[in-house]
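Biologist: I'd like to learn how to read a two-chain model. Could you walk me through it?

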Amino acid sequence: MSLLTLFAIVFVLFVLIRIVPGDPFSVERMSAEMILQKREELGLNKPVLVQFVDYLSLLASGSFGNGTALYNGAPIKPILTACLWNSFKVGVLSILFGTIVGLTIGIVAALNRGKILDGLCTLVSILGVCIPSYVSMIFLQYFFAYKIPFFPYFFDPSNFFGSAIMPALSLSLFAVSTIARFTRNEMVEVLNSDYVKLAEAKGLYGFELVRRHVLRNALIPVVTVIAPLVVDLLTGAMVIEKIYGINGVGKLMVDAIAGQGVDYNYVLALGIVFSALYIGVMLVLDILYGIIDPRIRLTTKEG
Amino acid sequence: MYTPQKDDFEFISGREIEIDENFSSQGYWTGVAVHFFKNKFAVTGVILVVGIMLFAIFAPPASSYEYDQIISVVDANGSEIVAKSLPPQFSGSDVQNRFADKTFIFGTDDMGRDLWTRTWHGARISLIIAFVAIFIDMLIGTSYGLISGFFGGTVDNVMQRFIEIAGSIPTLVIISILAIFMEKGIGLVIASLLITEWIGMSKIARAECLKLKEREYVLASRTLGAGSFHQIFLQILPNTIGPIITQVMFSIPVAIFTEAFLSFVGVGIVLPQCSIGSLIEAGFGNITILPYQILPPICVLAILMLGFNLIGDGLREALAPKLEDM
């Protein structure tokens, strides 16, 4: 099913990009004959469906073809993998940070419901929602790299951890607040349920109670919010990478669409990669549901 | 024969009958409103949003400068100095890159434009974009979801597969393809919001519709011979409004954020027009030297996001009150 969706997406993206008015050669300095020759060379005169099949075989051979405007038409794949790796490192760091901190805040808030600590946690989660990641990035960069030069001002691959902390922090802010809010609400509901009261009555308390009875049941809705968050990170990363000078996929995308010439092949390749990532994340989550709550797997089998 | 009057009786305890306010009869929407305005956070949200809106409406016309007016000064010889874009280190004329003071409440930018006027004009543009886009999204999404949920079967199946594919393409990819198609500017921002935001709306409408379509009153109207259109839009739609409005309140900050993000990346609003995003982008260029330029748009953005989120939370609680809140 996921593969089918991915195939459909690749098809839609490809057709969309091919029927876009204007092409990579609508540049004044190219004569009509040159454009014709170039089009012939790249196979742009064939019917769109034939081109699509060609492109699929290109993909199957593990390549994305060459760029049309960026980097003088160098092959896309090595550039893309390098950028993907950079983004991946920062992204994973921020997801880890976001989930761990978010869960902790949520749990602490739920256990101290109605006390000062709860209010404090609510405040943090509200702040996280209303401050976009790039705004917090600008602030972090201004204060902790410019005013107090503690972290490098721009991303520095040779000093990965030093320079990845700020972007990861600001990217995860939204995730922290959303996860914290959901965890808190779910935990409060579960804590009020009968089976938790029973467990308490039997003498279970503290960490063990939370781990064995509360967290498992509270986690399912939380996992549901994590999925879109992971993808949101991509969007957020686009600006963060621009601000912080990280050579990642987000920056590549900006270059491909907002640069001097739109690079159709890069947009296509990035579109496919992003969609594949998204579908992959969804797939992993479906599997995670089954692990957290075995009932879900059972019901889908029966139905 | 004597008929007893009301005055002939008195309560033994000496007090009037207590009217039970919690369970007194009140309409659905009155109940929602009462719940909503009892919630301090929600009221704060309303105040914040309405405040920003008032400023966005009245501040630009009340200001003595236009949002795109490059303020010129007359020098000692009587000739006008026209501002040119300069690096932030230099100050070409008195009114360029000027720090906030009484004349220019938020200061001026690198072209010598009044940031007070520009900030509120930008807020206005951002709000207009968000409202227009989300309103159309609401129309499209609600109709799509209701139709899909109402007819069920093959129609539903096909429509849901379409949503599945459309929803699997990340927003970013859709926006970048649109950016190839269209000119940069307001149109692009609205179009990308139109294409991406209706899906969530339609999912909620469909879920509500599935819940409601088997209710007695819908069955009654079907029995009386009402057509599908009548049932969907006159019987079911009015009862789905609550959740949809809540979703709208959560979508508006997303729209404002998306606009700010697009403008920041450079495919959004084009100069000299401005929006919150483009102002932040302009301010970011000079942040190390003139940090005051970036503060007003960022504050407006944060307040708007906060306000709409608080309103959304309040609405959600007011529409589905839990027992503990009563």
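Modeller: A residue is buried if 20 or more other C-beta atoms lie within 10 Å of its own, exposed if 12 or fewer, and partly exposed in between, with C-beta atoms placed from the backbone. A nonpolar core is a set of buried Ala, Val, Leu, Ile, Met, Phe, Trp, Tyr and Cys residues joined through C-beta atoms within 7 Å. This is a predicted model, where local features need pLDDT of at least 70, side-chain atom pairs count only at pLDDT 80 or more, and totals for chains, interfaces and linings use all residues. Residues are numbered from 1 along each chain as its sequence is written, while chains are lettered from A and ligands numbered from 1 in the order in which they are written.

Biologist: Which residues touch the most other members of the largest nonpolar core?

Modeller: A:Leu270 and B:Met305 do, in a core of 133 residues. Two residues are in contact if their C-beta atoms, placed from the backbone, lie within 7 Å. Leaving out residues up to four places away in sequence, A:Leu270 touches A:Val249, A:Leu252, A:Met253 and A:Ala256.

Biologist: How many residues of each chain are in contact with the other?

Modeller: 33 residues of chain A meet 31 residues of chain B. Helices (H or I, at least four residues) and strands (E, at least two) are DSSP runs, numbered from the N terminus. On the chain A side, the elements that each supply at least two residues include α1 (2-19), α9 (206-244) and α11 (264-292). For residue classes, Ala, Val, Leu, Ile, Met, Phe, Trp, Tyr, Cys and Pro count as nonpolar, Asp, Glu, Lys and Arg as charged, and the others, Gly among them, as polar. That side of chain A has 28 nonpolar residues, four polar and one charged.

Biologist: And how is chain A divided into domains?

Modeller: Domain bounds come from an automatic or database domain assignment. Here, domain 1 covers 1-18 + 248-303 and domain 2 covers 88-244. Their contact takes 14 residues from domain 1 of chain A and 13 from domain 2 of chain A. On the domain 1 side, α11(A) gives the largest share, eight residues.
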